[in-house]
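Please look through the sequence and the model below before reading on. The report that follows takes up a few features one after another.

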Amino acid sequence: MRRFILLAGAAIATLAASIAGANAQQPIQRVQVGVLECRGGASVGFIVGSVTNLGCVLRIDGMPEDRYVATIRKVGLDLGITQESALAWGVWAPVARLGQGDLTGDYAGAQGSATLGVGVGGNVLVGGSNNTIALQPLSVQGQVGINIAAGLESLELRPGR
């Protein structure tokens with residue numbers, strides 16, 4: 001148990017450092033346009049990585065819901081099994097309004113999470129159209145299971161139904 005807590009602390013420290021570094025490297029002026037909410041089923045971590053599929057909805061005030069299918073790939077420490085996951089990112093873009101499908105694209109960044117029963121995590125990702133869209137930690141991740149993860153993450157968003 002103590003080892004798990006130490007690994008979880010290291011994962012969270014790594015995530016905090018990467019978020020601070022990512023925020024310092026963002027010369028593009030962005031405004032928060034909405035929230036991307038994703039949910040998915042079971043996932044198994046294979047020590048050096050994992051793949052998770054999610055259904056996502058972009059919520060923007062005054063606009064219809066914009067649905068996406070997401071594939072998250074993690075590289076780094078990822079060990080354990082989760083029964084379900086829910087994530088939410090604040091969506092920051094160089095324009096105040098996004099159209100249907102505008103989040104489609106590939107994103108990359110850092111992530112960390114720890115789960116023992118119910119757990120939390122977070123990540124920061126940049127990508128989309130010419131790397132102009134940032135998915136920022138409002139990205140609080142909720143999981144049920146037992147898992148610890150820290151490393152690099154990629155997110156592929158495609159239009160969904």
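How many disulfides does a search of the whole structure find? The search finds 1 disulfide, a term that stands for a pair of cysteine sulfur atoms within 2.5 Å.

## About the model

This is a predicted model, in which local features need pLDDT of at least 70 and side-chain atom pairs count only at pLDDT 80 or more, while totals for chains, interfaces and linings use all residues. Residues are numbered from 1 along each chain as its sequence is written, and side-chain values use heavy atoms, with hydrogens and water left out.

## The disulfide

The disulfide joins Cys38 to Cys56, with a distance of 2.0 Å from S to S, and the link of these two residues is right-handed, with 110° about the S-S bond. The pair links distant parts of the chain, since Cys38 is in strand 1 and Cys56 is in strand 2, 18 residues apart.

Buried here means under 20% relative accessible area, exposed means over 50%, and partly exposed is what lies in between (1.4 Å probe, protein chains only). Cys38 counts as buried because its relative accessibility is 1%, and Cys56 also counts as buried because its relative accessibility is 2%.

## The chain as a whole

The secondary structure of the protein chain comes to 1 helix and 5 strands, where helices (H or I, at least four residues) and strands (E, at least two) are DSSP runs, numbered from the N terminus. Read along the sequence, these elements follow the pattern α-β-β-β-β-β.

Of the 161 residues of the protein chain, 44% count as buried. The protein chain exposes about 8200 Å², and carbon and sulfur atoms supply 62% of this area; such accessible areas come from the Shrake-Rupley method with a 1.4 Å probe, and for residues only the protein chains shown count as cover. If one takes the contacts (heavy atoms within 4.5 Å) between residues at least 6 apart in sequence, 75% of them join residues at least 24 apart.

## The nonpolar core

A nonpolar core is a set of buried Ala, Val, Leu, Ile, Met, Phe, Trp, Tyr and Cys residues joined through side-chain atoms within 4.5 Å. The largest such core has 22 residues, and those with the most contacts inside it are Leu36, Trp89, Val91, Leu103, Leu135, Leu155 and Leu157. Strand 1 (31-40), strand 2, strand 3, strand 4 and strand 5 each supply at least two residues of this core, and the largest share, 7 residues, comes from strand 3.

## Salt bridges

Side chains of opposite charge can pair when their charged atoms come close. A salt bridge is taken as a side-chain nitrogen of Lys or Arg within 4 Å of a carboxyl oxygen of Asp or Glu, and by this rule the count comes to 6 salt bridges. One of them joins the side chains of Arg158 and Asp106 at 3.3 Å, N to O. This pair links distant parts of the chain, with Arg158 in strand 5 (residues 133-159) and Asp106 in strand 4 (residues 105-127), 52 residues apart. Arg158 counts as partly exposed because its relative accessible area is 30%, and Asp106 is partly exposed because its value is 47%.

Arg158 also meets the side chain of Glu156 in a salt bridge of 3.4 Å, N to O. Elsewhere, salt bridges that share partners join Glu37, Arg59, Glu65 and Arg67 into one network, and within it the side chains of Arg67 and Glu65 meet at 3.0 Å, N to O.

Trp92 has its place in strand 3 (residues 66-93) and counts as partly exposed because its relative accessibility is 30%. Trp92 and Val31 are 61 residues apart in sequence, yet their C-alpha atoms are 5.2 Å apart in space, and Val31 is among the residues that Trp92 touches, as are Arg30 and Gln32.

Leaving aside its neighbours within four places in sequence, Thr52 is in contact with Ser43, Ala70, Thr71 and Ile72.
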